[in-house]
Amino acid sequence: MRKSFKKLTVCGKNLKLLKKQTKSSTALVEGKLSKNLKKILKKIVAKDAHEQLAVADAKLGGVIKEKLNLSCIHSPMVTELMRGIRSQIEGLITGLPSREMAAMCLGLAHSLSRYKLKFSPDKVDTMIIQAISLLDDLDKELNNYIMRCREWYGWHFPELGKIITDNLTYCKCVRKVGDRSNFASSDVSDILPEEIEEDVKAAAEISMGTEVSEEDINNIIHLCDQVIEISEYRTQLYDYLKNRMMAIAPNLTVMVGELVGARLIAHAGSLLNLAKHPASTVQLLGAEKALFRALKTKRDTPKFGLIYHASLVGQSNTKNKGKISRMLAAKTALTIRYDALGENTSAEMGAENRLKVETRLRLLEERGIRRISGTGKALAKTDKYQNKSEVKVFDPSGDSTLPVVSKKRKIQEVDEQDTEVAVKAKKFKAEMKEGTAVEDGEPVKKKKKKKDKEKQAEEEMVLSEEFPTSPIIENTEKKKKKKKKMKDEGED
């Protein structure tokens with residue numbers, strides 16, 4: 001008992017020493033002058049005030065110089081000297097065994113790390129990172145299980161998948177009924193409404209599915225049990241994530257929602273790392289591949305990353321999504337820094353910033369953008385946009401490379417005209433033979449044939465050889481012939 005009591009007293013003394021060491025060490029880390037150090041400096045260094053004091057931290061040296069009026073030095077030589085003292089501290093300090101020295105160093109290191117992290121069980125963001133990762137994994141597994149269950153039971157009762165669209169109710173219905181022949185006798189009113197229940201029972205009677213054994217049905221029911229359990233655990237995990245987000249980052253949760261906020265924290269690694277990012281980085285978190293691809297190919301960079309899934313960006317039009325995401329990222333960066341570095345846990349700042357973004361969204365939707373120059377009170381004179389959807393018909397004439405003819409005649413019209421011309425020509429020839437041809441109201445004379453002309457020319461030649469005429473007579477005859485031709489032409 002005495003030995004154990006002695007050990008307890010030694011442990012208590014060590015704990016007190018550790019607390020004192022941690023207080024003094026935390027003060028040194030912050031660059032402050034602790035009480036113990038102040039006493040030591042007043043007792044020891046005051047005697048040798050004419051010498052300089054070597055300091056490892058320049059900030060601490062400035063504080064000592066202000067309060068105690070001691071000249072301090074900080075240089076690379078001093079850092080090397082301090083490193084040598086730390087490595088040989090066991091030999092310099094006598095009366096301390098190496099085992100206790102190691103335990104004290106370990107305890108001091110733990111206390112310093114806790115102080116640097118400002119450890120608090122309510123401010124642990126690693127829980128959020130693990131929860132959102134598990135939520136995504138559960139969604140993937142649920143989709144795979146449900147797809148397998150629908151495909152498996154679809155061989156037995158394929159019509160049920162078309163009637164019941166909700167996955168959870170589908171699995172509950174299959175688990176309760178089992179074989180499709182049991183639908184007629186079973187009551188599924190607690191799962192399905194009356195109309196759908198009647199449709200399911202009617203489809204079960206005339207189903208085209210194959211018959212399966214009881215062992216197959218048991219395996220399908222077991223799979224349905226797994227789907228229902230996982231979906232229930234997912235809802236529980238979502239509630240847990242929502243509560244943790246409201247405790248750690250309430251303003252961020254109000255701005256973008258718990259799921260988007262948790263994904264941003266998980267992508268950055270921690271809430272503190274996310275607070276170090278500027279608004280432009282917060283806007284593009286999750287779209288790094290698209291950003292670097294756009295920079296490499298010299299194309300337009302993306303306008304949003306994970307922040308695209310926020311409700312405010314989803315409410316806006318496609319035309320205003322870029323503007324809203326930029327403004328939302330700027331306000332979100334402010335709320336993240338407030339949550340990470342501030343001591344207040346209220347969500348008032350997030351609500352105010354969300355209201356500002358909503359008013360900006362309303363202005364953009366109503367086209368009420370104010371002027372930048374001037375008083376800033378007058379509204380910009382812009383016509384209200386009206387979407388005019390005109391249905392345009394394709395013009396096939398633009399596809400043809402041939403020259404366009406203004407007046408085209410169809411093939412049938414051309415054939416009809418040709419036949420009419422041929423008939424008229426035949427009639428005119430027949431009338432000419434008979435001598436009853438009429439043109440423009442006057443009778444048409446018959447034209448002399450070539451043979452009559454040749455005979456007349458031969459007779460004239462014979463007469464000219466037998467009775468030669470003088471040139472005067474020939475001229476008179478030629479004039480007579482010309483006059484006759486003129487008269488004939490005038491009659492025609």
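Analyst: D225 counts as partly exposed, at 23% relative accessibility. In this predicted model, the side chain of D225 meets that of R175 in a salt bridge, with an N to O distance of 3.3 Å. The two residues belong to separate helices, D225 to α11 and R175 to α9 (residues 167–177), so the pair ties together parts that are 50 residues apart in sequence. R175 is likewise partly exposed, its relative accessible area being 38%. The general principle is that side chains of opposite charge can pair when their charged atoms come close.

Helix α11 takes part in a further contact of this kind. D139 forms a salt bridge with R234, and the closest N and O atoms are 2.4 Å apart. Here D139 lies in helix α7 (residues 126–154) and R234 in helix α11 (residues 214–248), so this pair ties together parts that are 95 residues apart in sequence. Both partners are partly exposed: D139 has a relative accessible area of 24%, and R234 one of 23%.

Helix α7 also holds a pair within itself. R148 and E151 meet through their side chains in a salt bridge of 3.6 Å, N to O. These residues are 3 apart in helix α7 and are therefore separated by about one helical turn. R148 is partly exposed at 46% relative accessibility, and E151 is partly exposed at 46% as well. Across the whole structure, a search finds 9 salt bridges.

C171 is buried, at 0% relative accessibility, whereas C72 is partly exposed, with a relative accessible area of 24%.

Two surface patches complete the account. A positive patch is formed by K303, K319, K323, R326, R360 and R367. Of these residues, R360 is located in helix α19 (residues 348–365) and is partly exposed, with a relative accessible area of 30%. A nonpolar patch consists of L81, I85, L92, I93 and L96, which together have about 430 Å² of accessible area. Within that group, I93 sits in the loop between α5 (89–92) and α6 (98–117), and its relative accessible area of 37% makes I93 partly exposed.

Terms used
Residues numbered from 1 in each chain as written. Predicted model: local features only at pLDDT ≥ 70, side-chain atom pairs only at ≥ 80, totals over all residues. Heavy atoms only, no water. Patch = residues over 30% accessible without salt bridge, like charges linked within 9 Å, V, L, I, M, F, W, Y side chains within 5 Å. Areas by Shrake-Rupley, 256 points an atom, 1.4 Å probe, with all protein chains shown as cover. Salt bridge = Lys/Arg side-chain N within 4 Å of Asp/Glu carboxyl O. Lys, Arg positive; Asp, Glu negative; His and termini not counted. Charge placed at Lys NZ, Arg CZ, Asp CG, Glu CD. Helix = DSSP H or I, 4+ residues; strand = E, 2+ residues; numbered from the N terminus. Buried < 20%, exposed > 50% of the residue type's maximum accessible area, 1.4 Å probe, protein only.
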